[in-house]
Amino acid sequence: MLSPERLALPDYEYLAQRHVLTYMEDAVCQLLENREDISQYGIARFFTEYFNSVCQGTHILFREFSFVQATPHNRVSFLRAFWRCFRTVGKNGDLLTMKEYHCLLQLLCPDFPLELTQKAARIVLMDDAMDCLMSFSDFLFAFQIQFYYSEFLDSVAAIYEDLLSGKNPNTVIVPTSSSGQHRQRPALGGAGTLEGVEASLFYQCLENLCDRHKYSCPPPALVKEALSNVQRLTFYGFLMALSKHRGINQALALPDKGDLMHDPAMDEELERLLAQVPGLVNSVTASPEASCLPSRTPPRVGSPWRPLHHSRKVDGESDGSTEETDESET
């Protein structure tokens with residue numbers, strides 16, 4: 001049975017909204033790159049496995065950044081993969097620096113840009129030094145806002161700068177996603193920046209912006225709610241408000257903060273995978289201190305096809321320097 005959304009849209013508009021062409025093009029490219037292997041069991045099976053992977057959200061693992069950020073579904077899938085693979089960092093109470101979180105991101109996407117990680121860290125650290133430690137949950141919720149709404153936030157930065165300089169908000173020029181990638185975020189120093197802008201005027205500009213960013217901005221009603229209790233705000237104060245707003249987070253990929261460290265489906269999958277490793281289960285159950293070790297090695301489920309050099313890179317870096325923290329925490 002077709003959904004009401006599907007019935008209300010013409011075929012071409014529905015396919016464009018779901019980015020079906022993006023996935024078809026990617027599937028054909030992978031088919032051509034791996035045609036010798038695929039010929040052994042058939043094209044139909046390949047397409048079945050590919051689109052099953054898309055539905056499960058594992059298709060973005062170890063892929064290039066241009067593909068990871070190509071569609072809203074890809075971004076949500078990457079956020080969930082990052083959370084599920086590295087949630088043990090939060091469970092163990094580890095605090096990491098921006099560079100260490102960036103290394104974790106590169107385990108899933110080898111060419112993930114450092115600039116995006118820095119922007120996410122700045123939401124948490126505000127005016128602190130970039131080498132300060134951050135909790136997993138603080139970084140994760142800030143990263144979710146920055147990564148999923150990246151183009152929208154670049155436009156917001158332009159609006160904020162114009163309001164600071166006294167320009168008429170009705171004449172604000174919003175940058176395109178390509179030009180916004182190189183725009184500098186508003187600096188934290190200076191009396192004018194620290195004082196911020198009037199919240200109501202800022203929201204009026206954002207409301208108009210949201211009308212133009214239909215598929216890449218937070219729900220306007222929730223943005224208004226996040227700004228309802230302040231008279232003035234800074235740019236990073238606005239980003240912090242977004243990252244801490246429960247409704248905005250629920251509209252994206254992650255569970256509530258209280259449930260962030262719980263993932264029964266992943267725990268069950270870990271137990272199933274560990275049971276297949278000879279001798280590992282006995283060694284784990286024999287020592288209570290070792291019971292936390294398996295959770296520090298999350299499984300990696302790759303997309304049906306990916307370049308071999310990606311898998312070798314990940315395998316070579318996947319055993320990072322996390323095991324030293326076990327003894328200190330017990």
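Which residues touch the most other members of the largest nonpolar core?

Tutor: The model is a predicted one, in which local features need pLDDT of at least 70 and side-chain atom pairs count only at pLDDT 80 or more, whereas totals for chains, interfaces and linings use all residues. Residues are numbered from 1 along each chain as its sequence is written, and side-chain values use heavy atoms, with hydrogens and water left out.

The residues you ask about are Phe 78, Phe 82, Phe 202 and Phe 238, which touch the most other members of a core of 78 residues. A nonpolar core is here a set of buried Ala, Val, Leu, Ile, Met, Phe, Trp, Tyr and Cys residues joined through side-chain atoms within 4.5 Å, and buried means under 20% relative accessible area, with exposed set at over 50% and partly exposed in between (1.4 Å probe, protein chains only). In soluble globular proteins, nonpolar side chains tend to be buried together.

For the protein as a whole, 43% of the 330 residues count as buried, and the chain forms 21 helices and 4 strands. Of the contacts with a separation of 6 or more, 71% are between residues 24 or more positions apart. The accessible surface comes to about 17,800 Å², of which 54% belongs to carbon and sulfur atoms; such areas come from the Shrake-Rupley method with a 1.4 Å probe, and for residues only the protein chains shown count as cover.

Cysteines deserve a separate word. The structure holds 0 disulfides, a disulfide being a pair of cysteine sulfur atoms within 2.5 Å. Cys 210 is accordingly in no disulfide, and the nearest cysteine sulfur, that of Cys 217, is 3.6 Å away. Cys 210 counts as buried because its relative accessibility is 5%, while Cys 29, at 43%, counts as partly exposed.

Charged pairs are also found away from the surface. The whole structure contains 9 salt bridges, each a side-chain nitrogen of Lys or Arg within 4 Å of a carboxyl oxygen of Asp or Glu. In one of them the side chains of Asp 26 and Arg 63 meet at 2.6 Å, N to O. Asp 26 lies in helix 3 and Arg 63 in the loop between helix 5 and helix 6, so this pair ties together parts that are 37 residues apart in sequence. Both Asp 26 and Arg 63 are buried. The loop between helix 5 (43–56) and helix 6 (65–68) also holds Phe 62, whose phi is near 65 degrees, a positive value in a residue other than glycine, and Phe 62 is buried, with a relative accessible area of 3%.

A further salt bridge joins Asp 256 to Arg 246, with the closest N and O atoms 2.9 Å apart. Asp 256 lies in the loop between helix 17 (246–250) and helix 18 (264–275) and Arg 246 in helix 17, so the parts that this pair ties together are 10 residues apart in sequence. Asp 256 is partly exposed at 23% relative accessibility, whereas Arg 246 is exposed, with a relative accessible area of 55%. Elsewhere, salt bridges that share partners join Asp 26, Arg 63 and Glu 64 into one network.

Helix 3, residues 20–33, also contains Met 24, which is partly exposed because its relative accessible area is 34%. Together with Leu 21, Val 28 and Leu 32, Met 24 makes a nonpolar surface patch of about 350 Å². Patches are made of residues with over 30% relative accessible area and no salt bridge, like charges being joined within 9 Å and nonpolar side chains (Val, Leu, Ile, Met, Phe, Trp, Tyr) within 5 Å.

Notes. Helix = DSSP H or I, 4+ residues; strand = E, 2+ residues; numbered from the N terminus. Contact = heavy atoms within 4.5 Å.
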